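Here is a short briefing on one predicted model. Look over the sequence and the structure, then read on.

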Amino acid sequence: MADVNRGNRPLSPHLTIYRPQLTSMTSILTRITGNAMLVAALMIVWWFLAAASSPEYFAIANGFVTSWFGDLVMFFSLLGLWYHTLAGIRHLIWDNGHAMDIPTAEKLGWACLGGSVILTILTALIV
């Protein structure tokens with residue numbers, strides 16, 4: 001019943017109409033990093049389960065986790081974790097009604113991006 005007049009109505013504007021803004025892109029990136037961290041979480045759970053299972057199975061899991069691919073997944077998960085944390089702090093600031101003007105919101109977006117890169121590099125070098 002709702003689709004009866006679908007041909008007569010215009011479609012909603014989409015990415016071809018609106019120019020992407022930093023705040024919208026960082027919001028999308030927050031969702032992506034939140035979901036991507038699940039990969040690292042599953043890998044860590046697999047590693048723990050393998051450690052509890054047997055030495056042979058742990059050797060397989062540990063070989064994967066400590067391989068170049070495992071290191072790459074963990075590094076980008078660390079980047080996602082720092083970004084997600086900083087974006088969460090930014091949203092707490094916004095939830096209190098502060099920094100809602102566009103220039104300050106964009107500065108906070110760049111701070112989340114730059115801060116996550118810097119904190120990831122520092123964490124990787126220290127740990």
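The side chain of Ser116 reaches the backbone oxygen of Leu113 at 2.8 Å. Ser116 sits in helix H4 (residues 102–126). This is a predicted model: local features need pLDDT of at least 70, side-chain atom pairs count only at pLDDT 80 or more, and totals for chains, interfaces and linings use all residues. Residues are numbered from 1 along each chain as its sequence is written, and side-chain values use heavy atoms, with hydrogens and water left out.

**Ser116**
- Ser116 counts as buried because its relative accessibility is 3% (buried means under 20% relative accessible area, with a 1.4 Å probe and protein chains only).

**Annotated spans**
- UniProt, in an unreviewed entry, places "transmembrane region" at residues 28–48, 68–87 and 108–126; such annotations may be inferred rather than shown by experiment.
- Residues 68–87 are 100% helix and 0% strand, with end C-alpha atoms 28 Å apart.
- Residues 108–126 are also 100% helix and 0% strand, and their end C-alpha atoms lie 26 Å apart.
- Helices here are DSSP runs (H or I, at least four residues), and strands are E runs of at least two.

**H1 against H3**
- The axes of H1 (residues 22–53) and H3 (residues 68–95) come within 8 Å and cross at roughly 135 degrees.
- The contact residues of H1 with H3 divide into 13 nonpolar, 10 polar and one charged; Gly counts as polar, and Asp, Glu, Lys and Arg as charged.

Technical notes:
Axes are lines fitted to C-alpha atoms, for helices over the stretch in contact, and angles run from 0 to 180 degrees between N-to-C directions. Buried means under 20% relative accessible area, exposed over 50%, partly exposed in between (1.4 Å probe, protein chains only). A polar contact is a pair of N or O atoms within 3.5 Å; within protein, one must be able to donate a hydrogen and the other to accept it, and residues adjacent in sequence count only if both atoms are side-chain atoms.
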